[in-house]
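The exercises below ask you to read a two-chain protein from its coordinates, moving from the contact between the chains to single residues. Each task is followed by a solution that goes step by step.

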Amino acid sequence: MQTPVVEGLFEMSGGDGLPHLLISRCGQCGAVAFPARKRCAACCGTSLVVEEAPGEGTVYSWTVIRELGGHRAEFEPYVVAQVDLSAGLRVQGLVDAAPETVAIGQRVRTGLTAVPNAGMDPGVVTYCFVPAGEGTR
Amino acid sequence: MRRVAVVGVGMVAFGRHPERTLGELGADAVTEALGDASLGWKDARSMFCGVVGGGMTPGTRVGNELGLTGLPIVNIDNASASGSSAFRAAYMDIASGRVDVSIAAGIGKSGRSLGDLRPPASHGTAEYRANLAGWAQGAMPPAGVFALRSRRRMHDFGCTIEQLAMVAVKNRRHASFNPYAQLRKPLTVEEVLAARMIADPLTVPHCCPVGDGAAAAVLMSEDRARALGYGPLVTIEASVFRTPTLAGDTESQDADTTRLTCMEAYAEAGMGPKEIDLVQVHDAFTVEEIEYCESMGFCEVGEGERMVERGEMTIGGKIPFSTDGGLLSRGHPLGPTGLAQVWETVLQLRGQAGNRQVEGARAGLAHMVGVGGVCVIHILRRG
């Protein structure tokens, strides 16, 4: 049994069976944002609707976080990428793949993964990205 | 608006000061700045204190150390730009005509603002959910943010990690001439590349150190400063503060905000990049110095790394950056950093920077950005 780490960020299973990020679209200027906003950052409009973004995109950049807040011992390094979604916005998320298999320009799709270093129940999951064509863990 | 001069600067060397409280560190820097201006604490009519965290009214504790004169003291927390924001507030207090003498101070002790590894356990609050949402997107230390920017820049412009490392090496060399700098031992490109990896491709020397320290400046109306015979007099030609918009044209919000802030500052000062002789920049990470050099108009986008490689940003080069060692080597205790930049700029413009002196320096630019979206730029000139 998997449960999302936080509500309102993503749907566990969208129409295509992949996790879908929940983005906002401004009814006034059309600007999209993730995480979803209540007021538009571009035009300050207040009529925003939340919609699901298809879980496909391209890696814009990536890194491996090897320490955080001075913690190194017993720290589990994790890969984070910025991904340009097909919905037309850049988002950040964990990558469930070995660093040597990640590259700028790579096609990825969404998956689910545990939150590293957070001391949470392994059934608590967040969205992540995996190289397109691979199964989720 | 009245014109404003900087008549005194003071600093406590950046590094480790476990034996002094925040209030004591600040009082030492303010006392040095007042001494530099041949003034006393009783002469100050207001004080603005840049500090990140530090408990309630840390700047007021600085004042309590120095004596209860009743002056207004305002604490300003604007992340890395806190000290620069305090400097601007002191400038505004004089420029508006309200007071003739105001102090800008900055204080900081590392560790006070750094978060724990795990999300806080106060379940159910909005802050807890916001924190979890951050973790759900891949918890990102500052080094991670700039690792993403570094890797993309290497992809877009063919910049190499060796070129980025040259920024750290250059700024360490500048710091070796600054007794107030936190890291002064010379560094090589090979040592930068071989150091511990923090966030690929950035190793430790690509990232500024945390530490303790304080810095302060005494500001005065230019009319009064001239009447009192201060010289050589350093005046504030531009003071500009912006938060981001979505109107940027590069891939970096900090670089875009820097460009817009800098354009306003050049207009306010009636100067352009050609009139600037030295720059203190928010080089918390090596890639930043290169990006902001471009945003400030010293070269085209994509040319910054070649400026560093050719030595043009070194003391003695075309436009020296981070002449005191920058955040990377002078250090970055958050609150005082923007005022350490003022300290360095004023010494340079007076011709008092010793063996790191930029020959003939007449105008200097100081730039800080802060997390959350703050950019502050000041242009100082030798009058």
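Predicted model: local features only at pLDDT ≥ 70, side-chain atom pairs only at ≥ 80, totals over all residues.

**Exercise 1. The contact between the chains**

*Solution.* Begin with the residues: chain A brings 37 residues to the contact, and chain B brings 28 residues. Next comes the area, for the size of an interface is often given as the accessible area lost when the parts come together. Here about 2,900 Å² is buried between chain B and chain A, and carbon and sulfur atoms give 61% of that area.

On the side of chain B that touches chain A, at least two residues each come from α4 (126-136), α5 (142-157) and β5 (197-199) of chain B. Helix α5(B) gives the most to this side, namely 6 residues. Sorted by class, the side of chain B that touches chain A is made up of 15 nonpolar, 8 charged and 5 polar residues.

**Exercise 2. Aromatic pairs**

*Solution.* A pair of aromatic rings is described by the distance of the centres and the angle of the planes. Over all chains, the structure holds 7 aromatic pairs. One of them joins A:Phe10 and A:Tyr127, whose rings are edge-to-face at 5.8 Å centre to centre, with 65° between the planes. Because A:Phe10 lies in strand β2 (residues 10-11) of chain A and A:Tyr127 in strand β10 (residues 124-131) of chain A, the pair ties together parts that are 117 residues apart in sequence. Both are buried, with relative accessibility of 5% for A:Phe10 and 0% for A:Tyr127.

In chain B, the rings of B:Phe298 and B:Phe321 are also edge-to-face, at 5.7 Å centre to centre and with 85° between the planes. B:Phe298 is in the loop between α10 (286-295) and α11 (304-309) of chain B, and B:Phe321 is in the loop between α11 and α12 (326-329) of chain B, so this pair ties together parts that are 23 residues apart in sequence. B:Phe298 is buried at 11% relative accessibility, and B:Phe321 is buried at 0%.

To finish, return to chain A, where ring pairs link A:Phe10, A:Phe34, A:Tyr127 and A:Phe129 into a cluster.

**Exercise 3. Backbone geometry**

Find cis peptide bonds and positive phi values, and place the residues concerned in their loops.

*Solution.* The background is that most residues other than glycine have a negative phi, and most peptide bonds are trans. A cis peptide bond joins A:Phe34 and A:Pro35, with omega about -5°, and A:Pro35 is in the loop between β4 (32-33) and β5 (48-53) of chain A. In chain B, the peptide bond from B:Gly231 to B:Pro232 is cis, with omega near -5°, and B:Pro232 lies in the loop between α8 (222-227) and β8 (234-242) of chain B.

For phi, consider A:Cys44, which is not a glycine and yet has a positive value of about 70°. A:Cys44 lies in the loop between β4 and β5 of chain A and is exposed, at 61% relative accessibility. B:Ala79 has a positive phi near 50° and is found in the loop between β3 (73-76) and α3 (82-95) of chain B. With a relative accessible area of 18%, B:Ala79 counts as buried, because the cut-off for buried is under 20%.

How values were computed: Residues numbered from 1 in each chain as written. Chains lettered and ligands numbered in written order. Heavy atoms only, no water. Contact = heavy atoms within 4.5 Å. Buried area = accessible area lost by both parts, 1.4 Å probe. Helix = DSSP H or I, 4+ residues; strand = E, 2+ residues; numbered from the N terminus. Nonpolar A, V, L, I, M, F, W, Y, C, P; charged D, E, K, R; others polar. Phe/Tyr/Trp six-rings, centres within 6.5 Å; stacked < 30°, edge-to-face > 60°. Buried < 20%, exposed > 50% of the residue type's maximum accessible area, 1.4 Å probe, protein only.
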